[in-house]
Amino acid sequence: MKLIYLIFAVTILLTVSLAIAQNVTSIEAVQAIAQAEKDIKEMQDVGFGTAFVNDTLLEARNALNKTDYGLAIEKTRLISERKLQAYNISDSLRALELGIKEIDELDLNASKVRELLNKSITTFQEERYDEVEGLIEEAYTELNNIRAEATIVQARIRAVRENIISFVRENWLYLVIGLA
């Protein structure tokens with residue numbers, strides 16, 4: 001008889017524990033959705049595209065309604081990651097613009113980098129984030145190639161200048177006699 005009471009008590013305890021755990025999970029899902037809504041509002045305020053995250057938010061809400069709290073939280077996590085990705089891409093685009101400005105100030109040809117930047121901006125506005133990251137990487141590679149070429153040219157100019165100065169120092173007397 002005591003065994004039956006013990007089994008009954010354990011069953012009630014497990015049922016209550018499961019209900020409490022489920023409520024905590026549903027509360028966490030509701031909080032995660034509220035945070036996702038704030039993230040989307042922030043993205044809109046900054047001017048980022050929000051079609052993907054809005055669709056993902058709908059999926060999170062549907063999961064919450066179906067009491068699939070784990071899926072709801074996972075979908076809100078995707079929204080948070082997407083927001084972070086958008087900020088990182090935006091920062092990379094700004095840095096790329098500054099790199100182009102630097103190249104322009106050196107009177108170097110940055111047309112290919114500028115073309116990649118424009119394509120990156122368009123791709124970013126279309127919310128194709130994975131694709132835009134590749135374009136940005138390609139633009140940085142091209143920018144670094146231009147900088148490297150500029151450094152090589154400057155080194156050659158410096159070497160030629162030093163050779164001319166050295167030649168004049170060593171042969172100034174012959175040069176003066178030759179001019180006379």
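Okay, arginine 128: this residue is partly exposed, with a relative accessible area of 34%. Partly exposed here is the range between buried, under 20% relative accessible area, and exposed, over 50%, using a 1.4 Å probe and protein chains only.

Before I go on, a word on what we're looking at. This is a predicted model, where local features need pLDDT of at least 70, side-chain atom pairs count only at pLDDT 80 or more, and totals for chains, interfaces and linings use all residues. Residues are numbered from 1 along each chain as its sequence is written, and side-chain values use heavy atoms, with hydrogens and water left out.

Back to arginine 128, then. What does its side chain meet in a salt bridge? One partner is glutamate 126, at 2.0 Å from N to O. By salt bridge I mean a side-chain nitrogen of Lys or Arg within 4 Å of a carboxyl oxygen of Asp or Glu. Glutamate 126 is partly exposed too, at 44% relative accessibility. Arginine 128 also forms a salt bridge with glutamate 131, and there the closest N and O atoms are 2.9 Å apart. Glutamate 131 comes out as partly exposed, with a relative accessible area of 39%. Elsewhere, salt bridges that share partners join Asp39, Glu42 and Lys83 into one network.

How many salt bridges does the rule give? The count comes to ten. Another of them pairs the side chains of arginine 61 and glutamate 37, at 2.3 Å from N to O. Arginine 61 sits in helix α2, residues 51-65, and glutamate 37 in helix α1, residues 2-46, so this pair ties together parts that are 24 residues apart in sequence. Both ends are partly exposed: arginine 61 has 34% relative accessibility, and glutamate 37 has a relative accessible area of 35%.

Now let's zoom out to the whole protein.

What share of the 180 residues is buried? That's 27%. As for contacts, meaning heavy atoms within 4.5 Å, take the ones with a separation of 6 or more: residues 24 or more positions apart account for 66% of them.

Last, the surface. The accessible surface comes to about 12,500 Å², and 59% of that belongs to carbon and sulfur atoms. These areas come from the Shrake-Rupley method with a 1.4 Å probe; for residues, only the protein chains shown count as cover.

How values were computed:
Helix = DSSP H or I, 4+ residues; strand = E, 2+ residues; numbered from the N terminus.
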